[in-house]
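The model is predicted.

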Amino acid sequence: MTSRRTLLQGAVLGAATALLPTAARAATAPAAGPVLRLPAPTGPHPVGLRTVHLTDPTRTDPWEGGAREVMLTVLYPARDVQGRPRVPQLTPAAAREFADLAPLVHPGLPAPGTVDWGAVLTHGHLAAPPLPGRLPALLYSPGGGDSRTLGTSLAEDLAGHGRVVVLVDHPGDASQVDLPGGMRDTVLRGEPDPATFRTMIDTRVGDLRLVLDRLLGDGLAGLPPATTAGIYGHSAGGTAAVSTAHADRRVRAAANLEGYLDLDPLDGFDRPLLLFRTDGFDGADRLTRSWAGLAGERALLAGSGHWAFTDYAALVPALQAAGLVTSATRAALVGTADPAARLAALRRRLRGFFDAHTGCARSARR
């Protein structure tokens, strides 16, 4: 039987959630180290956060059988956050799962026990009362092998500007998902073959359409139904986001953050599309081929690596500044660009794209 450590060594497609902070301590108590912080959102509204578990009895989980389950983080503009604590990025159980993962998947990241991951919180306030009224919504699908929480910084900023943003975990290919019935680890062992990748994307599309049903139907997490829906995703999540938009006309616009688009023909794709890439991705040739001929906006994140679209963009430079990762590790993961300037540019471009094509949430503005 394959050991868990062997599985983690082979996890692929950005199983980078190991850097995410957590409220729990790993098995080895962390030494004194840097206090890692996520960048604050820039919107006029504080952010509320609710966690949601959904089950789809009409679909069978392709990895384990049984009814398909998903876990969601729902971020939204809050009316008031007084007395509502900020939420850690990972549950204690999820924290234990990734404690050993970072240096295995990305050699050069700090060893377990080196960093106090529990010192960093999201800017989402637990179950804060939402702003009244219906708002536009966005769905986020993470990179293959990643946890949904790796997309926190971008999502919080979008939510603070007046949207509901739903981060979607895809149990089975996600690094770890803390479900009500127990922890699910990734099934990935090395780079997925075409059949496995097909299953991943088809399953993700089903997950995302389930969330759309709830968002645009009766509403999600106690929030009113959304007025419109857009979608974005990183890497394999970008593939899934565009595939979902192609299959479901309820999606008004899609942003693909460096995901391949050669799985299926996209003939007739007529929704607004943002194709965002870095200049440091080692899959650039395949990306260029797979995007050729597609109509859409193009954008470049200069001085950046593949994981600059995730929370690694802020955390890895902080670890380098503390002497815990080398300049080579930083360059390989996120590039060498100034973290604050790069994040500001990324946030502006995504907000502008979705403002133009899914509504700009004027009713939520102060």
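## Cavities

A cavity is a set of grid points where a 1.4 Å probe fits but cannot get out. The predicted structure holds three cavities of 30 Å³ or more.

The second largest cavity contains about 60 Å³ of space. Its lining is made of Tyr 76, Pro 130, Leu 131, Gly 133, Arg 134, Leu 135, Val 164, Leu 223, Pro 224 and Ala 226. Eight of these residues are nonpolar, one is polar and one is charged.

## The second largest pocket

About 300 Å³ of space lies in the second largest pocket. The lining counts 22 residues. Nearest the centre are Thr 73, Gln 89, Thr 91, Arg 148 and Thr 149.

Several elements give two or more residues to this lining: strands S1 (47–60), S2 (67–77), S3 (86–88), S6 (164–169) and S7 (176–179), along with helix H4 (152–160). By class, the lining has nine nonpolar, nine polar and four charged residues.

## Helices H5 and H6

How do H5 and H6 pack, and at what angle? Helix H5 spans residues 194–216, and helix H6 spans 236–247. Their axes lie 9 Å apart, at an angle of about 60°. That angle makes H5 oblique to H6. The crossing is right-handed.

On the H5 side, the contact is made by Phe 197, Met 200, Ile 201, Arg 204, Val 205, Leu 208, Arg 209 and Leu 212. H6 brings Ala 236, Gly 237, Thr 239, Ala 240, Ser 243, Thr 244 and Ala 247. The contact residues divide into nine nonpolar, four polar and two charged.

Key:
Residues are numbered from 1 along each chain as its sequence is written. This is a predicted model: local features need pLDDT of at least 70, side-chain atom pairs count only at pLDDT 80 or more; totals for chains, interfaces and linings use all residues. Side-chain values use heavy atoms; hydrogens and water are left out. Axes are lines fitted to C-alpha atoms, for helices over the stretch in contact, and angles run from 0 to 180 degrees between N-to-C directions. Helices (H or I, at least four residues) and strands (E, at least two) are DSSP runs, numbered from the N terminus. Angles under 35 degrees count as roughly parallel, over 145 as roughly antiparallel, 65 to 115 as roughly perpendicular and the rest as oblique. A crossing is left-handed if the near helix is turned anticlockwise from the far one by less than a right angle, and right-handed if clockwise. Contact means heavy atoms within 4.5 Å. Ala, Val, Leu, Ile, Met, Phe, Trp, Tyr, Cys and Pro count as nonpolar, Asp, Glu, Lys and Arg as charged, and the others, Gly among them, as polar. On a 1 Å grid over the protein atoms alone, a cavity is a set of points where a 1.4 Å probe fits but cannot get out, and a pocket is an open set with protein on both sides within 12 Å along at least five of seven lines; lining residues have an atom within 4 Å of a point. Grid points are joined across faces, edges and corners, and a volume is the space filled by probe spheres set on the points.
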